[in-house]
Amino acid sequence: MARREVLKAFRFTLDPTRAQETELRRYAGAARWAFNHALAAKVAAHQERKQRIAALIGGGLAEEAARKQIKVSVLGKGVIQKAWVRARGSSRNGAEGICPWSHEVNNYCFQSAFDDADAAWKNWLDSITGKRVGRWVGYPRFKKKGRTRDSFRIPHNVNKPGIRLVTHRRLRIPKLGEVRLHDSARRLVRLIKCGQAVVRSVTVSRGGHRWYASVLCKVTVELPDKPTRRQAAAGTIGLDLGVTHLIALSQPADLGKGPTQLLDNPRYLRATTKRLRRAQQALSRTQKGSTRREKAKRRVARLHNQVAARRATFLHGVTKRLATGFHIVAVEDLNVAGMTRSARGTVQNPGRKVRQKAGLNRPILDASPAEIRRQLQHKTSWYSSTIAVADRWFPSSKTCSACGRQNPRLTLADRVSTCSSCGLTMNRDINAARNIAVCAVARPGVQPTGAGSDPRNVNVKAPATGAFTTMAIFQSLSAHGLSTDRANASIMSIPGVMPRARSSIPAPACAIPARSATCGLRPRACRSSCTSLTSRAAS
Ligand SMILES: [Zn+2]
C-alpha cells in the first residue's frame, strides 16, 4: 500500500430555493462576463501585434524580422485583474465603471474566470506551437449567454474556510449561503472529519434544470501496489466496444446484471428519442423571444440532461467493476472523433449521404466508447489494475482467436465468424474481444499501474503479422511480476487462446544461480518450477 494524495471531485446535485437559483445564475453570468473581459484584452493585444507586423512587412521587411521586432505582450491574469479593480466602479458609492455590480457576487468568480481565460489562451498557443499533445485546441472564443454552460468556480481559502458541508444535506458556498443538496454528502463529510480530505474549490454548473456543485478535494488514498488476489486470479479481460452490444467480453463477467459475455447497449438516447422529438418540434413552433420558447427550450435541455445522467451512472458502474475485478483490462484504440465525423463537408464541397452518416454516428456516440476508455484509464490506476491498449490497426474482428488465421472477407453484416482453418464458430464480437485481450497483453510496454505509474503512457502496438504467441503473453505477464502459476492461470483465463500452444508454455529460466557466489551454497529461494534445484538445495 502506498499513500498518495490525489485530487478527487465530489459532485452533488443542488436543490436551491428560487432566490438562490437567481443568485446562481447571476454568479455564472459574472464569471462569463469576466472571461469575456479578459479574453477581449488578449485578443486586442494579439490583433495589435498582427497589425504592426503587417505594417512592417508592407514597409519591405522580411516576415521573420518583423515578428522579432514587434513585442506586444498578451495580458495575463495579474495585469487584467489590477486594471479591472481600478476600472470596475461600484453602484454602492455611485462610482462609474465597467461593472458597478461586481460587489453583488463573490469576488472569486471573477478571479477564476480570469484564470480560465489564461488557460484557454495558453492551450491554443501550445497547440499551434506543438507543445500540447492530443486534440487540436482552437482560438479561444467568447462565451455567449444561453450557448455556453452556466458555471462558476470559487477556490477555497484554508485560513477562512468558506466552503463547507454544514450537514450531510447542506453545502455552504461563500457569500451565497447554505444550499440544500439533493443527495447525501455523508461520505465526504466523514473524509473531511478524519482529515483525509481537504477542500480545494467548488465549481457550480447548470445542466438542464439542475444545478450541480462539484467539490474538488485533495484526498489521501491508499493505493495498492499490486493487484488483489481476486484481480490476479481473474487475469485479463478483453473488451470489444460496439454498437449492437455495448461491450463484448473475452470471458464472462458480472458487470452489474449477472455474469454475461455480451453487455447490451442501453441506448439511453434512443429511449428518449420520441419525447425529445416532440419537445424539439414544439420548440421549433414557438416564436423567437417568447416566454413559451424559453419554456420549450428548458424542456429539451432537461431531456438531454436526463440522458447524460443515466448514461454516466451506467458507465461508471461498468467501468468500476472492470477495474476492480481484473488485473489487465485490454481495449482497442478507437478513433471515435474520426469515426463519427460529420459527412456534411464544406459549402464549396458538400458531402454525400449526410443524413445516413448522422444516423450511423448517433448510436456510436450514444454508446460513448471514448468515455468508457477515459474512465478505465483513471480507474485502473486507482485499483492497481492495468489498462492495455491494442493498436488501432490490429484486425481484431478478422482474426481467428483460436488459430490466428485472418479472414479478410468478413464484413460488418457477418455477426458470427467462422474460421475456415480450425472451424471455430463464435460471435464475432466475442472473437474480437479475445483477440484484443491477447494482442494487448502480448506487447512489450504494458506497464502495471497502481502506485506511482501513469496509465496514460501505456500504448501497445499490434504485431506486424497479426500472429501472437502464448510465449509472448507469458513473458509479458512475468514482466508484470506475476508468478508462473498466476501467469498460467491468467493465460488460461483468456478463452480460446491457442489451445495447442498451452502445453508449450515454458518453465521460466531460473534467475537464481546454482551456487551462491559468497558461501558456495545452493540457494533455497527458488519458487519457480526448477524443482530439481529446490529439492537438491533442501536436501
Ligand atoms: Zn481458426
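In helix α8, the residues Leu303, Val318, Thr319, Leu322 and Ala323 are buried. The model described here is predicted. Among the elements that cover these buried residues of α8 are β8, α7, β11 (328-332) and α11 (369-382). The 35 residues of α8 should span 51 Å at 1.5 Å a residue, and the end C-alpha atoms of the helix are 51 Å apart, so the two values agree.

The pairing of α8 with α7 was examined next. Helix α7 comprises residues 268-285 and helix α8 residues 291-325; their axes come within 9 Å and cross at roughly 170 degrees. The two helices are therefore roughly antiparallel to each other. On the α7 side, the contact involves Tyr268, Leu269, Thr272, Arg275, Leu276, Ala279, Gln280, Ala282 and Leu283. These residues meet Arg293, Ala296, Lys297, Arg299, Val300, Leu303, Gln306, Val307, Arg310 and Arg311 in α8. By class, the residues of this contact comprise 10 nonpolar, 3 polar and 6 charged. Leu303, listed in the contact with α7, is also one of the buried residues of α8.

Strands β8 and β11, which are included in the cover of the buried α8 residues, belong to an open sheet of 5 strands. The strand order is β10-β9-β8-β11-β12, and the pairing is mixed. Strands β10 (259-264) and β12 (386-390) form the edges, each pairing on one side only. On average, neighbouring strands of the sheet are turned by 20 degrees against each other, direction ignored. Within the sheet, β8 (residues 236-241) and β9 (residues 245-254) run antiparallel and are joined by 3 bridges. Aspartate 240 lies opposite alanine 248 of β9.

Definitions and conventions. Residues numbered from 1 in each chain as written. Predicted model: local features only at pLDDT ≥ 70, side-chain atom pairs only at ≥ 80, totals over all residues. Axes fitted to C-alpha atoms, helices over the stretch in contact; angles between N-to-C directions. Helix = DSSP H or I, 4+ residues; strand = E, 2+ residues; numbered from the N terminus. Parallel < 35°, antiparallel > 145°, perpendicular 65-115°, else oblique. Contact = placed C-beta atoms within 7 Å. Nonpolar A, V, L, I, M, F, W, Y, C, P; charged D, E, K, R; others polar. Pairing = 2+ DSSP bridges. Expected span 1.5 Å × (residues − 1). Buried ≥ 20, exposed ≤ 12 C-beta atoms within 10 Å, placed from the backbone.
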